[in-house]
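Trainee: Could you take me through the aromatic rings here, slowly and close up?

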Amino acid sequence: MQAVSRRLVQRPLGGGASIYSSSSIRSLYGVPDHHLNGADNRRYSSSLATKGVGHLARKGTGGRSSVSGIVATVFGATGFLGRYLVQQLAKMGSQVLVPFRGSEDNPRHLKLMGDLGQVVPMKFDPRDEDSIKAVMAKANVVINLIGREYETRNFSFEEVNHHMAEKLALVAKEHGGIMRFIQVSCLGASLSSPSRMQRAKAAAEEAVLNALPEATVMRPATMIGTEDRILNPWAMFVKKYGFLPLIGGGTNKFQPVYVVDVAAAIVAALKDDGSSMGKTYELGGPDVFTPHDLAEIMFDMIREWPRYVKLPFPIAKAMAGPRDFMVNKVPFPLPSPQIFNLDQINALTTDTLVSDKALTFQDLDLVPHKLKGYPVEFLIQYRKGGPNFGSTVSEKIPTDFYN
(Lines give C-alpha, C1' and ligand atoms only; values in the text may rest on other atoms or scores of the structure.)
Protein backbone atom coordinates (compact mmCIF):
# COMPACT_ATOMS: atom_id res chain seq x y z
CA MET A 1 0.00 0.00 0.00
CA GLN A 2 2.95 2.32 0.63
CA ALA A 3 4.07 1.69 -2.94
CA VAL A 4 0.58 2.64 -4.18
CA SER A 5 0.67 5.92 -2.28
CA ARG A 6 4.15 6.76 -3.56
CA ARG A 7 3.13 6.01 -7.14
CA LEU A 8 0.03 8.17 -7.03
CA VAL A 9 1.65 11.09 -5.25
CA GLN A 10 4.72 11.23 -7.44
CA ARG A 11 2.99 11.15 -10.80
CA PRO A 12 2.83 14.81 -11.94
CA LEU A 13 0.46 16.59 -14.30
CA GLY A 14 1.51 19.17 -16.85
CA GLY A 15 1.47 22.07 -14.37
CA GLY A 16 3.34 20.20 -11.66
CA ALA A 17 0.18 19.28 -9.70
CA SER A 18 -0.46 15.75 -8.51
CA ILE A 19 -3.21 13.64 -10.02
CA TYR A 20 -4.46 12.78 -6.53
CA SER A 21 -4.21 14.92 -3.43
CA SER A 22 -3.12 13.52 -0.07
CA SER A 23 -6.65 13.76 1.25
CA SER A 24 -8.08 11.81 -1.71
CA ILE A 25 -5.51 9.08 -1.24
CA ARG A 26 -6.33 8.84 2.48
CA SER A 27 -10.05 8.66 1.72
CA LEU A 28 -9.71 6.06 -1.05
CA TYR A 29 -7.09 3.78 0.46
CA GLY A 30 -6.92 4.69 4.13
CA VAL A 31 -3.20 5.57 3.92
CA PRO A 32 -1.81 7.03 7.17
CA ASP A 33 -0.31 10.53 7.10
CA HIS A 34 3.24 9.38 7.69
CA HIS A 35 3.11 7.34 4.48
CA LEU A 36 2.59 10.53 2.49
CA ASN A 37 5.61 12.34 3.89
CA GLY A 38 8.73 13.06 1.91
CA ALA A 39 10.66 10.59 4.05
CA ASP A 40 8.75 7.76 2.37
CA ASN A 41 9.22 9.21 -1.13
CA ARG A 42 11.95 7.07 -2.62
CA ARG A 43 12.57 4.56 -5.39
CA TYR A 44 14.00 1.12 -4.96
CA SER A 45 16.44 -0.63 -7.27
CA SER A 46 14.00 -3.53 -7.50
CA SER A 47 10.28 -3.44 -6.86
CA LEU A 48 9.77 -7.14 -6.14
CA ALA A 49 9.09 -8.30 -2.61
CA THR A 50 11.53 -10.77 -1.09
CA LYS A 51 8.92 -13.16 0.27
CA GLY A 52 6.51 -13.68 -2.60
CA VAL A 53 2.91 -12.72 -1.98
CA GLY A 54 2.47 -14.78 1.14
CA HIS A 55 1.92 -11.78 3.44
CA LEU A 56 -1.00 -10.25 1.50
CA ALA A 57 -4.29 -9.68 3.30
CA ARG A 58 -6.71 -12.51 2.68
CA LYS A 59 -10.37 -12.93 3.44
CA GLY A 60 -12.72 -15.88 3.13
CA THR A 61 -12.28 -19.61 2.72
CA GLY A 62 -10.34 -19.53 -0.54
CA GLY A 63 -13.06 -19.82 -3.18
CA ARG A 64 -14.00 -17.44 -5.97
CA SER A 65 -15.94 -15.20 -3.58
CA SER A 66 -12.97 -14.87 -1.24
CA VAL A 67 -10.15 -12.32 -1.42
CA SER A 68 -6.71 -13.79 -2.11
CA GLY A 69 -4.98 -10.41 -1.96
CA ILE A 70 -3.56 -10.92 -5.46
CA VAL A 71 -4.34 -8.30 -8.10
CA ALA A 72 -2.76 -9.73 -11.25
CA THR A 73 -2.35 -8.06 -14.62
CA VAL A 74 -2.14 -10.93 -17.10
CA PHE A 75 -0.80 -9.80 -20.45
CA GLY A 76 -1.81 -12.22 -23.22
CA ALA A 77 -4.74 -13.52 -21.19
CA THR A 78 -6.96 -13.83 -24.27
CA GLY A 79 -4.69 -16.51 -25.71
CA PHE A 80 -4.56 -20.27 -25.27
CA LEU A 81 -2.79 -20.48 -21.91
CA GLY A 82 -4.43 -17.28 -20.69
CA ARG A 83 -7.95 -18.64 -20.26
CA TYR A 84 -6.74 -21.48 -18.05
CA LEU A 85 -4.56 -19.20 -15.95
CA VAL A 86 -7.33 -16.62 -15.48
CA GLN A 87 -9.71 -19.40 -14.43
CA GLN A 88 -7.32 -20.69 -11.76
CA LEU A 89 -6.52 -17.21 -10.46
CA ALA A 90 -10.16 -16.15 -10.34
CA LYS A 91 -11.43 -19.28 -8.61
CA MET A 92 -9.09 -18.60 -5.66
CA GLY A 93 -10.45 -15.09 -5.20
CA SER A 94 -7.86 -13.06 -7.09
CA GLN A 95 -8.70 -9.98 -9.09
CA VAL A 96 -7.47 -10.35 -12.66
CA LEU A 97 -6.86 -7.38 -14.94
CA VAL A 98 -7.01 -8.49 -18.59
CA PRO A 99 -5.32 -6.13 -21.08
CA PHE A 100 -6.55 -6.64 -24.65
CA ARG A 101 -5.96 -4.79 -27.89
CA GLY A 102 -8.62 -6.15 -30.23
CA SER A 103 -12.39 -6.34 -30.12
CA GLU A 104 -14.21 -6.04 -26.81
CA ASP A 105 -15.55 -9.53 -27.49
CA ASN A 106 -12.04 -11.02 -27.20
CA PRO A 107 -11.96 -11.15 -23.37
CA ARG A 108 -15.69 -11.69 -22.92
CA HIS A 109 -15.40 -15.40 -22.11
CA LEU A 110 -12.96 -14.63 -19.28
CA LYS A 111 -15.41 -12.51 -17.27
CA LEU A 112 -17.47 -15.59 -16.40
CA MET A 113 -14.51 -17.26 -14.71
CA GLY A 114 -14.54 -15.06 -11.62
CA ASP A 115 -16.99 -13.46 -9.23
CA LEU A 116 -18.69 -10.23 -10.30
CA GLY A 117 -16.08 -7.56 -10.96
CA GLN A 118 -13.09 -9.82 -10.34
CA VAL A 119 -12.09 -10.24 -14.01
CA VAL A 120 -11.65 -6.77 -15.51
CA PRO A 121 -10.94 -6.37 -19.24
CA MET A 122 -8.89 -3.24 -20.02
CA LYS A 123 -8.12 -2.03 -23.53
CA PHE A 124 -4.48 -1.17 -24.12
CA ASP A 125 -1.86 -0.55 -26.79
CA PRO A 126 1.27 -2.69 -26.34
CA ARG A 127 3.35 -0.03 -28.10
CA ASP A 128 2.21 2.77 -25.78
CA GLU A 129 4.05 2.91 -22.46
CA ASP A 130 1.37 5.05 -20.80
CA SER A 131 -1.23 2.47 -21.79
CA ILE A 132 0.87 -0.28 -20.20
CA LYS A 133 1.26 1.77 -17.02
CA ALA A 134 -2.50 2.27 -16.84
CA VAL A 135 -3.33 -1.46 -16.93
CA MET A 136 -0.54 -2.17 -14.42
CA ALA A 137 -1.37 0.69 -12.03
CA LYS A 138 -3.47 -1.21 -9.47
CA ALA A 139 -1.67 -4.57 -9.76
CA ASN A 140 0.75 -6.25 -7.38
CA VAL A 141 1.47 -9.18 -9.73
CA VAL A 142 2.35 -9.10 -13.43
CA ILE A 143 2.30 -12.20 -15.65
CA ASN A 144 3.45 -11.95 -19.25
CA LEU A 145 2.01 -14.57 -21.60
CA ILE A 146 2.49 -12.54 -24.78
CA GLY A 147 4.02 -14.55 -27.59
CA ARG A 148 3.46 -15.70 -31.13
CA GLU A 149 5.00 -18.46 -33.21
CA TYR A 150 4.64 -16.68 -36.57
CA GLU A 151 5.21 -13.16 -37.91
CA THR A 152 2.63 -10.78 -39.32
CA ARG A 153 3.01 -7.60 -41.34
CA ASN A 154 2.47 -5.60 -38.13
CA PHE A 155 4.44 -7.56 -35.53
CA SER A 156 7.79 -9.29 -35.92
CA PHE A 157 9.09 -12.17 -33.81
CA GLU A 158 11.46 -9.85 -31.99
CA GLU A 159 8.86 -7.22 -31.15
CA VAL A 160 6.25 -9.65 -29.83
CA ASN A 161 8.47 -12.14 -28.03
CA HIS A 162 11.36 -9.95 -26.89
CA HIS A 163 10.78 -6.18 -26.93
CA MET A 164 7.31 -6.30 -25.39
CA ALA A 165 8.56 -8.45 -22.51
CA GLU A 166 11.46 -6.07 -21.92
CA LYS A 167 9.11 -3.09 -21.90
CA LEU A 168 6.77 -4.76 -19.39
CA ALA A 169 9.68 -5.57 -17.08
CA LEU A 170 10.96 -1.99 -17.15
CA VAL A 171 7.50 -0.58 -16.45
CA ALA A 172 7.02 -3.08 -13.60
CA LYS A 173 10.37 -2.04 -12.11
CA GLU A 174 9.36 1.63 -12.24
CA HIS A 175 5.90 0.85 -10.85
CA GLY A 176 7.05 0.47 -7.26
CA GLY A 177 4.38 -1.97 -6.10
CA ILE A 178 4.85 -5.12 -8.20
CA MET A 179 5.73 -7.99 -5.88
CA ARG A 180 5.89 -10.82 -8.42
CA PHE A 181 6.74 -10.79 -12.13
CA ILE A 182 6.39 -14.05 -14.08
CA GLN A 183 7.70 -14.32 -17.62
CA VAL A 184 6.35 -17.22 -19.69
CA SER A 185 8.93 -18.26 -22.26
CA CYS A 186 9.16 -21.58 -24.11
CA LEU A 187 11.09 -24.80 -23.74
CA GLY A 188 14.08 -24.74 -26.04
CA ALA A 189 14.62 -20.97 -25.76
CA SER A 190 18.25 -20.34 -26.64
CA LEU A 191 20.25 -17.64 -28.35
CA SER A 192 21.75 -20.37 -30.56
CA SER A 193 18.42 -21.97 -31.55
CA PRO A 194 17.62 -22.38 -35.27
CA SER A 195 14.18 -20.88 -34.49
CA ARG A 196 13.80 -17.09 -34.46
CA MET A 197 11.00 -17.33 -31.95
CA GLN A 198 13.12 -19.35 -29.53
CA ARG A 199 16.00 -16.91 -29.95
CA ALA A 200 13.65 -14.00 -29.24
CA LYS A 201 12.25 -15.77 -26.17
CA ALA A 202 15.79 -16.32 -24.86
CA ALA A 203 16.59 -12.64 -25.38
CA ALA A 204 13.38 -11.74 -23.53
CA GLU A 205 14.38 -13.90 -20.55
CA GLU A 206 17.73 -12.13 -20.38
CA ALA A 207 16.14 -8.68 -20.63
CA VAL A 208 13.54 -9.43 -17.96
CA LEU A 209 16.09 -10.84 -15.51
CA ASN A 210 18.39 -7.88 -16.10
CA ALA A 211 15.58 -5.50 -15.15
CA LEU A 212 14.08 -7.68 -12.40
CA PRO A 213 16.51 -10.32 -11.09
CA GLU A 214 13.76 -11.68 -8.81
CA ALA A 215 11.42 -12.46 -11.72
CA THR A 216 10.33 -16.05 -12.29
CA VAL A 217 10.70 -17.60 -15.76
CA MET A 218 8.49 -20.45 -16.92
CA ARG A 219 9.49 -22.48 -19.98
CA PRO A 220 6.52 -24.63 -21.03
CA ALA A 221 6.89 -27.25 -23.73
CA THR A 222 4.37 -27.54 -26.57
CA MET A 223 1.00 -27.23 -24.83
CA ILE A 224 -1.92 -29.60 -25.46
CA GLY A 225 -5.52 -28.65 -24.80
CA THR A 226 -8.90 -27.84 -26.30
CA GLU A 227 -7.69 -24.78 -28.21
CA ASP A 228 -4.14 -25.99 -28.90
CA ARG A 229 -2.15 -25.21 -32.03
CA ILE A 230 -0.80 -28.67 -32.77
CA LEU A 231 -3.43 -31.42 -32.46
CA ASN A 232 -6.27 -29.22 -33.75
CA PRO A 233 -4.45 -28.26 -36.98
CA TRP A 234 -3.36 -31.85 -37.45
CA ALA A 235 -6.92 -33.17 -37.06
CA MET A 236 -8.36 -30.53 -39.38
CA PHE A 237 -5.71 -31.32 -41.99
CA VAL A 238 -6.49 -35.04 -41.76
CA LYS A 239 -10.24 -34.44 -42.11
CA LYS A 240 -9.64 -32.31 -45.17
CA TYR A 241 -6.92 -34.25 -46.99
CA GLY A 242 -7.01 -37.74 -45.46
CA PHE A 243 -3.34 -37.87 -44.42
CA LEU A 244 -0.87 -36.11 -42.12
CA PRO A 245 2.51 -34.82 -43.30
CA LEU A 246 5.38 -35.76 -40.99
CA ILE A 247 8.00 -33.06 -41.39
CA GLY A 248 11.49 -34.47 -41.23
CA GLY A 249 10.02 -37.94 -40.89
CA GLY A 250 8.50 -37.13 -37.48
CA THR A 251 11.52 -38.42 -35.56
CA ASN A 252 12.50 -35.41 -33.40
CA LYS A 253 11.75 -35.69 -29.67
CA PHE A 254 9.72 -33.33 -27.50
CA GLN A 255 7.69 -33.35 -24.27
CA PRO A 256 4.20 -31.95 -24.84
CA VAL A 257 2.44 -30.81 -21.68
CA TYR A 258 -1.20 -30.37 -20.68
CA VAL A 259 -2.03 -26.66 -20.65
CA VAL A 260 -3.88 -26.90 -17.30
CA ASP A 261 -0.66 -28.12 -15.68
CA VAL A 262 1.23 -25.07 -16.95
CA ALA A 263 -1.41 -22.74 -15.50
CA ALA A 264 -1.23 -24.64 -12.20
CA ALA A 265 2.55 -24.22 -12.13
CA ILE A 266 2.26 -20.45 -12.52
CA VAL A 267 -0.29 -20.25 -9.70
CA ALA A 268 1.86 -22.50 -7.50
CA ALA A 269 4.81 -20.15 -7.99
CA LEU A 270 2.61 -17.20 -6.98
CA LYS A 271 1.37 -18.94 -3.83
CA ASP A 272 4.75 -20.02 -2.50
CA ASP A 273 6.85 -18.18 0.10
CA GLY A 274 9.04 -16.56 -2.54
CA SER A 275 11.25 -19.60 -3.08
CA SER A 276 10.53 -19.53 -6.83
CA MET A 277 11.69 -15.94 -7.28
CA GLY A 278 14.68 -15.52 -9.57
CA LYS A 279 14.41 -19.10 -10.83
CA THR A 280 13.69 -20.69 -14.20
CA TYR A 281 11.38 -23.72 -14.50
CA GLU A 282 11.20 -26.06 -17.47
CA LEU A 283 7.68 -27.45 -17.75
CA GLY A 284 7.56 -30.58 -19.87
CA GLY A 285 5.11 -33.45 -19.81
CA PRO A 286 5.89 -36.77 -18.10
CA ASP A 287 6.53 -38.61 -21.39
CA VAL A 288 8.81 -38.06 -24.36
CA PHE A 289 7.10 -38.22 -27.77
CA THR A 290 7.99 -37.93 -31.40
CA PRO A 291 5.50 -36.24 -33.74
CA HIS A 292 4.68 -39.73 -35.05
CA ASP A 293 3.87 -40.95 -31.51
CA LEU A 294 1.61 -37.97 -30.84
CA ALA A 295 -0.08 -38.38 -34.22
CA GLU A 296 -0.91 -42.00 -33.35
CA ILE A 297 -2.77 -40.74 -30.26
CA MET A 298 -4.60 -38.21 -32.42
CA PHE A 299 -5.62 -40.80 -35.04
CA ASP A 300 -6.81 -43.18 -32.33
CA MET A 301 -8.95 -40.46 -30.73
CA ILE A 302 -10.57 -39.33 -34.00
CA ARG A 303 -10.95 -42.99 -35.14
CA GLU A 304 -9.26 -42.61 -38.48
CA TRP A 305 -6.80 -44.97 -40.15
CA PRO A 306 -3.31 -43.50 -39.74
CA ARG A 307 -2.00 -42.25 -43.08
CA TYR A 308 1.30 -40.37 -43.24
CA VAL A 309 3.40 -38.64 -45.84
CA LYS A 310 6.99 -38.10 -44.77
CA LEU A 311 8.32 -34.74 -45.91
CA PRO A 312 12.07 -34.07 -45.86
CA PHE A 313 13.04 -30.77 -44.29
CA PRO A 314 14.11 -29.10 -47.58
CA ILE A 315 10.72 -29.79 -49.18
CA ALA A 316 8.81 -28.63 -46.07
CA LYS A 317 10.85 -25.42 -45.94
CA ALA A 318 10.24 -24.80 -49.64
CA MET A 319 6.48 -25.15 -49.05
CA ALA A 320 6.52 -22.80 -46.04
CA GLY A 321 8.99 -20.27 -47.42
CA PRO A 322 6.75 -18.18 -49.70
CA ARG A 323 4.60 -16.90 -46.83
CA ASP A 324 7.61 -15.71 -44.84
CA PHE A 325 9.04 -14.09 -47.95
CA MET A 326 5.81 -12.26 -48.80
CA VAL A 327 4.58 -11.32 -45.31
CA ASN A 328 6.12 -7.82 -45.40
CA LYS A 329 5.90 -7.33 -49.14
CA VAL A 330 2.14 -7.36 -49.77
CA PRO A 331 -0.34 -4.67 -48.67
CA PHE A 332 -2.73 -7.15 -47.08
CA PRO A 333 -2.51 -9.72 -44.26
CA LEU A 334 -1.60 -13.27 -45.18
CA PRO A 335 -3.28 -16.35 -43.65
CA SER A 336 -1.75 -17.64 -40.43
CA PRO A 337 0.41 -20.73 -41.03
CA GLN A 338 -0.90 -23.97 -39.57
CA ILE A 339 1.10 -27.05 -40.55
CA PHE A 340 3.74 -25.35 -42.67
CA ASN A 341 5.27 -22.71 -40.42
CA LEU A 342 8.87 -22.07 -41.48
CA ASP A 343 10.08 -21.08 -38.02
CA GLN A 344 8.51 -24.13 -36.40
CA ILE A 345 10.00 -26.34 -39.11
CA ASN A 346 13.40 -24.93 -38.18
CA ALA A 347 12.68 -25.72 -34.53
CA LEU A 348 11.88 -29.33 -35.45
CA THR A 349 15.46 -29.91 -36.56
CA THR A 350 16.50 -30.28 -32.90
CA ASP A 351 15.02 -32.15 -29.93
CA THR A 352 13.18 -30.06 -27.33
CA LEU A 353 13.48 -31.79 -23.97
CA VAL A 354 13.65 -30.76 -20.32
CA SER A 355 17.25 -30.40 -19.15
CA ASP A 356 18.58 -32.94 -16.66
CA LYS A 357 19.29 -30.40 -13.90
CA ALA A 358 16.39 -28.05 -14.58
CA LEU A 359 13.71 -27.12 -12.06
CA THR A 360 10.46 -28.82 -13.06
CA PHE A 361 6.88 -29.47 -11.92
CA GLN A 362 8.20 -31.59 -9.06
CA ASP A 363 9.95 -28.54 -7.59
CA LEU A 364 6.55 -26.85 -7.42
CA ASP A 365 4.97 -29.94 -5.79
CA LEU A 366 2.99 -30.74 -8.93
CA VAL A 367 2.62 -33.91 -11.01
CA PRO A 368 1.76 -33.28 -14.69
CA HIS A 369 -0.96 -35.28 -16.44
CA LYS A 370 -0.20 -37.95 -18.98
CA LEU A 371 -1.48 -37.18 -22.47
CA LYS A 372 -4.24 -39.74 -22.59
CA GLY A 373 -7.90 -39.68 -21.69
CA TYR A 374 -9.29 -36.31 -20.67
CA PRO A 375 -6.42 -34.06 -21.90
CA VAL A 376 -7.00 -35.20 -25.51
CA GLU A 377 -10.75 -35.95 -25.42
CA PHE A 378 -11.45 -32.67 -27.21
CA LEU A 379 -10.42 -34.47 -30.43
CA ILE A 380 -13.72 -36.38 -30.33
CA GLN A 381 -15.23 -33.43 -32.22
CA TYR A 382 -13.30 -34.49 -35.33
CA ARG A 383 -14.87 -37.95 -35.61
CA LYS A 384 -16.72 -38.34 -38.90
CA GLY A 385 -19.83 -39.98 -37.52
CA GLY A 386 -20.15 -38.00 -34.30
CA PRO A 387 -18.74 -38.72 -30.86
CA ASN A 388 -19.75 -42.40 -30.80
CA PHE A 389 -18.84 -43.45 -34.30
CA GLY A 390 -16.06 -43.19 -36.82
CA SER A 391 -14.46 -44.98 -39.73
CA THR A 392 -12.73 -47.51 -37.46
CA VAL A 393 -15.33 -47.70 -34.70
CA SER A 394 -16.40 -51.20 -35.83
CA GLU A 395 -13.19 -52.51 -34.29
CA LYS A 396 -13.92 -50.86 -30.97
CA ILE A 397 -17.49 -52.03 -30.24
CA PRO A 398 -18.96 -55.48 -29.56
CA THR A 399 -20.06 -57.47 -32.61
CA ASP A 400 -23.57 -57.79 -31.18
CA PHE A 401 -23.94 -54.01 -30.81
CA TYR A 402 -26.48 -53.80 -33.66
CA ASN A 403 -28.46 -56.93 -32.59
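Mentor: Let's start with a word we'll need: buried means under 20% relative accessible area, exposed means over 50%, and partly exposed is in between (1.4 Å probe, protein chains only). Keep in mind that this is a predicted model, where local features need pLDDT of at least 70, side-chain atom pairs count only at pLDDT 80 or more, and totals for chains, interfaces and linings use all residues. Residues are numbered from 1 along each chain as its sequence is written, and side-chain values use heavy atoms, with hydrogens and water left out.

Now, the rings. Rings of Phe, Tyr and Trp (its six-membered ring) pair if their centres lie within 6.5 Å; planes under 30 degrees apart are stacked, over 60 edge-to-face, and the rest tilted. By that rule the structure holds 5 aromatic pairs. Take Phe-237 and Tyr-241: their ring centres are 4.6 Å apart and their planes sit at 45 degrees, so this pair is tilted. Both belong to helix α7 (residues 231–241), and being 4 residues apart there puts about one helical turn between them. Helices, by the way, are DSSP runs (H or I, at least four residues), numbered from the N terminus. Phe-237 is buried, at 16% relative accessible area, while Tyr-241 is partly exposed at 46%.

For another pair, look at Phe-299 and Tyr-308: with centres 5.4 Å apart and planes at 85 degrees, they're edge-to-face.

Definitions and conventions: Helices (H or I, at least four residues) and strands (E, at least two) are DSSP runs, numbered from the N terminus.
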